[in-house]
Amino acid sequence: MNSNVSFRVAKDDLAAAVGWVARSLPTKVTQPVLRAMVITADDEGLEFAGFDYEVSTKERLAAEIAQPGRFAVAGKLISEIVNSLPNKPVDFEVDEKIALVTCGSSRFELPLIPLDDYPQLPELPEVTGTINPALFQEAIKQVASAAGRDDTLPMLTGIHMEIDGQSLRFTATDRFRLAIRNVEWEPTAGDVSAKLLVPAKTLQDAANSLDTSLNDPIEIAVGTGDNLGGDGLFGLHARSRQTTARMLDADFPNIAPLLPKSHTSIASVEIAPLQEAIRRVSLLTDRNAQIRMHFTEGQVVLSAGSSDSGNAEEALPCAFTGRDELIIAFNPTYLRDGLGVVHTDRVVFGFTEPSRPAIMIPEPEDLPEADEDGNFPSPEVDFTYLLMPVRLPG
């Protein structure tokens, strides 16, 4: 750690950088040093970094460097302080014990965090391929909605990435719903193949922070050749930002048996009015338990309630085709989550039985036609959201 570090930096740029790094820092730590945000001033400007042994983040920023050096302060605190400052240049003056932060008439003295026990930040693995930032952001948001939050089941808290040449598949499930998104990307080698399980939160944070208007490709870095994924480290590099995360050492469940290849009935419904109807009807669900959907030719009737809470019902136009009418029930929150990541005006449902998983997909240009047995094949689409039904009473 150097003494007498000094630099000036634009407030907005600083706020964006420290806010992004601080987001990945742990709130509760067993080692106080892991609260630190490490700030390095050198000839190229400033580098902000954080690391908790699982996730590392780095960002570089242009600044006026008067005296180079390296120091650390509490990361979440410096982010809160910078966010509160007026829109004026921010000056840092660091000696052996404190970092003095001044901006206009504001002045803060922060104790330094010793870096003697700070872990060495991991290096970004070799770049495996690149992907369009808007496409990456959309895909991650779509599948992350289905990822599990239970840390006792780590295999469900990740997003499974399956690389096969130019094809990249993202999958997530929490056992009650499943989301799959297929995209095209640019691998560094045409024959690249890998299966990776990356923490969903890491990918979500990275996707949410992207400036998709810049359109600069994102580098996905998990190594190349024989070293592909071998060190267990997943890396992302987007412009001035870099993230690494320790991949999950768990086996992602086999989802293939869950995906129906055909359906006994299909339905097409406009998403916006369906979302509004679900919101209204689910006000009377018993502890958010279920919302029932009764599909008949020309309409779907949503209903919920009980003898204690009362009952609600609403009918919507629906294009429904099948052997018989269908009554099925879903958790309303899971249903809304799925509809929220289907990015077309209408959603297509595919059903087999009221007790079996149903799929939700963006409406394709052409809906499938029934085969000689009266079944409808699953359309070829880039995104599929599969939802387990809730058992109907009685």
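Between domain 1 and domain 2 of this predicted model, the count is one salt bridge. Its partners are Arg241 and Glu59, whose side chains meet at 2.7 Å, N to O. Eight residue pairs, with both members at pLDDT 80 or more, are in polar contact between domain 1 and domain 2.

On the side of domain 1 that touches domain 2, helix 1 (11–23) and strand 4 (55–61) each supply at least two residues. Strand 4 gives the largest share of that side, six residues. By class, the side of domain 1 that touches domain 2 has five charged, three nonpolar and two polar residues.

The domain assignment of the protein chain places domain 1 at 6–111, domain 2 at 129–246 and domain 3 at 259–387. Ten residues from domain 1 and twelve residues from domain 2 take part in the contact between these two domains. The centres of domain 1 and domain 2, taken over C-alpha atoms, are separated by 28 Å. The size of an interface is often expressed as the accessible area lost when the parts come together. For domain 1 and domain 2, the area buried between them is about 1,000 Å², with 38% of it on carbon and sulfur atoms.

For the structure as a whole, the count comes to 15 salt bridges. Side chains of opposite charge can pair when their charged atoms come close. Two of the salt bridges are set out below.

| Salt bridge | Distance, N to O |
|---|---|
| Arg241 and Glu59 | 2.7 Å |
| Glu138 and Arg181 | 2.9 Å |

The pair of Glu138 and Arg181 links distant parts of the chain. Glu138 lies in helix 3 (residues 133–144) and Arg181 in strand 13 (residues 177–184), 43 residues apart.

The structure also holds ten aromatic pairs. Among them are Phe71 and Phe92, whose ring centres are 6.3 Å apart. Their planes stand at 40°, and the pair is therefore tilted, because planes under 30 degrees apart count as stacked and those over 60 as edge-to-face. Phe71 belongs to strand 6 (residues 69–74) and Phe92 to strand 7 (residues 90–94), so the pair ties together parts that are 21 residues apart in sequence.

Terms used
Residues numbered from 1 in each chain as written. Predicted model: local features only at pLDDT ≥ 70, side-chain atom pairs only at ≥ 80, totals over all residues. Heavy atoms only, no water. Domains from an automatic or database assignment. Contact = heavy atoms within 4.5 Å. Buried area = accessible area lost by both parts, 1.4 Å probe. Salt bridge = Lys/Arg side-chain N within 4 Å of Asp/Glu carboxyl O. Polar contact = N/O pair within 3.5 Å; in protein donor to acceptor, adjacent residues only side chain to side chain. Helix = DSSP H or I, 4+ residues; strand = E, 2+ residues; numbered from the N terminus. Nonpolar A, V, L, I, M, F, W, Y, C, P; charged D, E, K, R; others polar. Phe/Tyr/Trp six-rings, centres within 6.5 Å; stacked < 30°, edge-to-face > 60°.
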